[in-house]
Amino acid sequence: MPKWPYKGKEYDMDEDGFLQDWEAWEEGMAPELAKMEGVELDDRHWELIRYLRDYYIKYQIAPPIKMLVKEMAKAFGPEKGNTKYLYQLFPGGPAKQACKFAGLPKPTGCV
Amino acid sequence: MAEVEKKEEREVPYYETVLGASPEKLATVDYKPPAKPWMDVPPKFKKLDYLNPAKVKWMKVIDLPFPREWSPPDEDWKLPENWKEIFLNGMEDRLKRFRSFQLFMDICVRCGACADKCQFFIGGGDPKNMPVLRAELLRSIYRRYFTTSGKILGKIAGARELTVDVIKELFKYSFQCTECRRCSVFCPYGIDMAEITMIARELLLLLGMHVNWAIEPVGKSFLTGNHMGLLPHTIKDFMDEYRDELEKITGFKVDVPMNRKGAEILYIVPSGDFFDERGVILTIATLLYFYHIGLDYTWSTYTSEGGNFGLFTSHEMIKRLNAKMYAEAKRLKVKWILGGECGHMWRVINQYMGTVNGPADFLEEPVSPITGTKFENAKDTKMVHIAEFTADLIRHGKLKLDPSRNDHVIATYHDSCNPSRAMGLFEEPRYIIKNVCNNFYEMPESCIREKTFCCGGGAGLGTDEQLETLLRGNFPRSNATKHVHEKFGVNRLLCMCAIDRAVLSMGLSYWCPQVTVGGVHELLANALVIPGESPRTVDLRRQPLKRPITPGKIAGKEA
């Protein structure tokens, strides 16, 4: 299992760049994880990352894109509440890449 | 100004950035085989070209042997000490148990009819992705250890020693086969390549080797009933959201029956339909459709998965994961089961379920509650495909449809591998599409119906962990889509499989981003003329319609 060094400690990370223990994640990690994929985080990313983390605690999975769209619209206005906008924020796909930055496992199966 | 720049930056498709190769470059395939004979070319593993190995955690959840941490590019795969013995014993056992396997090891005459039929060979040019050679990887071992000629003559008889490199090679090419069975259509002997790949994967699994994209879903399915690991309250939360979305778009507030005992019909979908972008639209469409026809049905949070990644793992795992379908049907006391737009679910149902977990005598032979049509084809499994069910309704004039409500869509249809090749479902989806959409164009005859290409992501390959392999395997289908896009302006690729919906979207975002992907019943629901409907200007995706919907009117005229 590859190790990811962060603030003098090492964390398990799979070959695909996902942290293995979602509870080991802390906010400071997100910008570092995003940087590895060439994404710079701003308020809009953070809104979703925090929403994802809150949702995951309750439901053990990240919310589907429909809910992310709704959350965006709620926080930043209806013109930002669409799938295309989410893909601009997370070019690797909101479902997968947002999870990666939020330290959550990627969804599996027919998705 | 800054915003404009940002936008331009993102015009390059994401996968092109990751891969560092443009579609033009990736489509230039070198078909020249290596100079050395195939047995002398060892397998190589480079980044974005292989799937990650199964994680220890998920191996343990389903009691698989030798869970360990390893990686394909590693020199040492940490094989168990007696790996050779385990592998050959496993092979002997399967030769005895599966006559098909014995037959497929014996009868190939290397005519080459299959050689250029695999999408991974077409898009990648690696000769070991010619089905004949992929099978030969295992056949050469069969000859060496299980035939007299191979034992005596060795290489001359096409036999070779079982070495660690052979194991690595089997791993590589077993996971560059989507078990789609396109090659088998062209084989004069009808050799089923999927069955050979399945056995090869079983043998690898005996040594503790498989891919995480298959094993994690199997583990989650075992724990929660579905590949995604969705818990009952999560599914409920998702479905409430979709119900609300449907109400916002159409004004209809529908019921979402969950785990309802005594319903006439149990409805089973792939779990992607609870989560995946395109699948979710299909779910919203289905909610509207079933509400409209007043179907007495229920969703289930236990049988919350139509797919069965056991099919990609082992015969035992097929049975283990499939069992929940009949168990839930029994518990809820339904009469029969309706299945959604799922892919390999239908292969398991039609080719395995009846014998591994049947007979389901406690269920009734399916009869449409609306038309009275008896689905005699489902007498054994008690399970009807939603396209059969819908086509029957349309045929009997039970649905009022306005195809002009889909005039913003110019559609083509991708026959999903398993509904087409494992159940022969060619006409029903086309019949539905032609009734709900005015613009429908077929892709070339050589790549539709039973000759359909795979999306490139079936059988546990549908992840961008192996982005290059995925895009290469996807190329033939996306290329044919691009053809009808350029010729007829096609902007929607319809299909009936959750892996398709996810993987074709990934592939097209790279090869032909002008085309989106969706399910057949999404268009059906768009076209439904429903009493009490409200005026609206968008479809179920919230995409603008060509002409706003005026209640009760068909194509702008009085209905």
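Tutor: Start with V484(B), which is found in helix α22 of chain B, residues 467-488. Helices here are DSSP runs of H or I with at least four residues, strands are E runs of at least two, and both are numbered from the N terminus. V484(B) is buried, because its relative accessible area is 1%. The scale is this: buried is under 20%, exposed is over 50%, and partly exposed is in between, with a 1.4 Å probe and protein chains only.

A word on reading the model. It is predicted, so local features need pLDDT of at least 70 and side-chain atom pairs count only at pLDDT 80 or more, while totals for chains, interfaces and linings use all residues. Residues are numbered from 1 along each chain as its sequence is written, chains are lettered from A and ligands numbered from 1 in the order written, and side-chain values use heavy atoms, with hydrogens and water left out.

E23(A) and I57(A) are 34 residues apart in sequence and 9.7 Å apart in space, C-alpha to C-alpha. E23(A) sits in the loop between β2 (9-12) and α1 (29-35) of chain A. E23(A) counts as exposed, because its relative accessible area is 60%.

Now the helix packing. In chain A, helix α2 (residues 43-59) packs on helix α3 (residues 65-76) at an angle of about 130°, with the axes 10 Å apart. Axes are lines fitted to C-alpha atoms, for helices over the stretch in contact, and angles run from 0 to 180 degrees between N-to-C directions. α2(A) and α3(A) are therefore oblique to each other. Under 35 degrees would be roughly parallel, over 145 roughly antiparallel, 65 to 115 roughly perpendicular, and the rest is oblique. The crossing of α2(A) and α3(A) is right-handed. Handedness is left if the near helix is turned anticlockwise from the far one by less than a right angle, and right if clockwise.

Helix α10 (residues 164-174) and helix α12 (residues 193-206) of chain B cross at roughly 130°, and their axes come within 10 Å. α10(B) and α12(B) are therefore oblique. Their crossing is left-handed.

Next, charge pairs. Side chains of opposite charge can pair when their charged atoms come close. Over all chains, 53 salt bridges are found, where a salt bridge is a side-chain nitrogen of Lys or Arg within 4 Å of a carboxyl oxygen of Asp or Glu. One of them joins E316(B) and R97(B), with the closest N and O atoms 3.4 Å apart. This pair links distant parts of the chain: E316(B) is in helix α17 of chain B, R97(B) is in helix α5 of chain B, and the two are 219 residues apart. E316(B) is partly exposed at 43% relative accessibility. R97(B) is partly exposed at 40%.

Other bridges join R243(B) to D244(B), at 3.3 Å from N to O, and E277(B) to R278(B), at 3.6 Å from N to O. D244(B) is partly exposed at 25%, and R243(B) is partly exposed at 21%. R278(B) counts as buried, because its relative accessibility is 14%, whereas E277(B) is partly exposed at 21%. Salt bridges also form a network that takes in both chains: D16(A), K96(A), K106(A), D464(B) and E465(B) are linked.

Last, the backbone. Most residues other than glycine have a negative phi, and most peptide bonds are trans. D63(B) has a positive phi near 55° and is not a glycine. D63(B) lies in the loop between α4 (56-61) and α5 (83-97) of chain B, and D63(B) is exposed at 59%. K333(B) also has a positive phi, about 55°, without being a glycine. K333(B) lies in the loop between α17 (315-332) and β3 (336-339) of chain B. K333(B) is exposed at 62%. A cis peptide bond joins G358(B) and P359(B), with omega about -5°. P359(B) is in the loop between α18 (344-356) and β4 (383-385) of chain B.
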